Every structure is written in structure tokens, then in C-alpha cells.
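Hello,

Please have a look at it first and then read on.

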Amino acid sequence: MLDEINATCERIVADAERALGEATSEAEVHQRKAPFIGRNGELPTLYAKLRDLPKEQRGPVGKQINDVRARVDALVKARLDGLALEGLRGDELDVTLPGRA
């Protein structure tokens, strides 16, 4: 079961990187994060599997799942920040355009 949880954690981060990197709007970022950290997402499912582990393994595995959550949250924040910067670039002054009166 531990190997399954480790593999799932690695897959979640890789899938989240890919899915969030393809997002083109803020709404799409929030929509794409739901399968990973949403109410019925993969991380809550992993938290539920903690109950099936022996007590001595729950702490380290719980920490690993929390680290995955933090990495996915960081990916979401980074993508939202990137989209905000892209939006600002569109508002820059283009000096090659004719002036307005």
C-alpha cells in the first residue's frame, strides 16, 4: 500500500503540472485543480487511505501527502501569477502605434 501511495503522489504532481500549465484563464486554473485537491479529488482520497495504515506509518505518509498538497497549491499560485503577468503585458504601451488626440 505504501508503494501505491508513493506512486500516486508522484503522479498527482506530474499530472497537476501538465494540467495547470495548459490552463489559459483563472477560471480554467481553478477548474483544473479540482480533480487533484477538490472535495472529491485525489488528495482527499489519499487522506482517507491513511486510516488503513499502521499508526507508525501514518505520520510520514501524512507528511508526504501534505507536501504534495503544498506543491499543487504552489503550482496553482504560480500559474495564476503567470496569467496575471500575461494580462499585464497586453496593457503595455506600444510606441509603434499612431498617437491619439
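Let's begin with Val-76, which is buried at a relative accessible area of 7% (buried means under 20%, exposed over 50% and partly exposed in between, with a 1.4 Å probe and protein chains only). This is a predicted model, where local features need pLDDT of at least 70 and side-chain atom pairs count only at pLDDT 80 or more, while totals for chains, interfaces and linings use all residues. Residues are numbered from 1 along each chain as its sequence is written, and side-chain values use heavy atoms, with hydrogens and water left out.

Val-76 sits in helix H4 (helices are DSSP runs of H or I with at least four residues, numbered from the N terminus). Not counting residues up to four places away in sequence, Val-76 touches Leu-20, Val-29 and Lys-33 (contact means heavy atoms within 4.5 Å). Ala-48 is 28 residues from Val-76 along the chain, and their C-alpha atoms are 23 Å apart.

Now to the largest nonpolar core, which has 21 residues (a set of buried Ala, Val, Leu, Ile, Met, Phe, Trp, Tyr and Cys residues joined through side-chain atoms within 4.5 Å). Helices H1 (2-21), H2 (26-37), H3 (42-49) and H4 (55-89) each give two or more residues to this core, and H1 gives the most, with 7 residues. Ile-12 is among the residues with the most contacts inside the core. Leaving aside neighbours within four places in sequence, the contacts of Ile-12 include Phe-36, Leu-43 and Val-72.

Finally, Thr-8 is in helix H1 and counts as buried, at 15% relative accessibility. Beyond its neighbours within four places in sequence, Thr-8 is in contact with Glu-42 and Leu-46.

Best wishes
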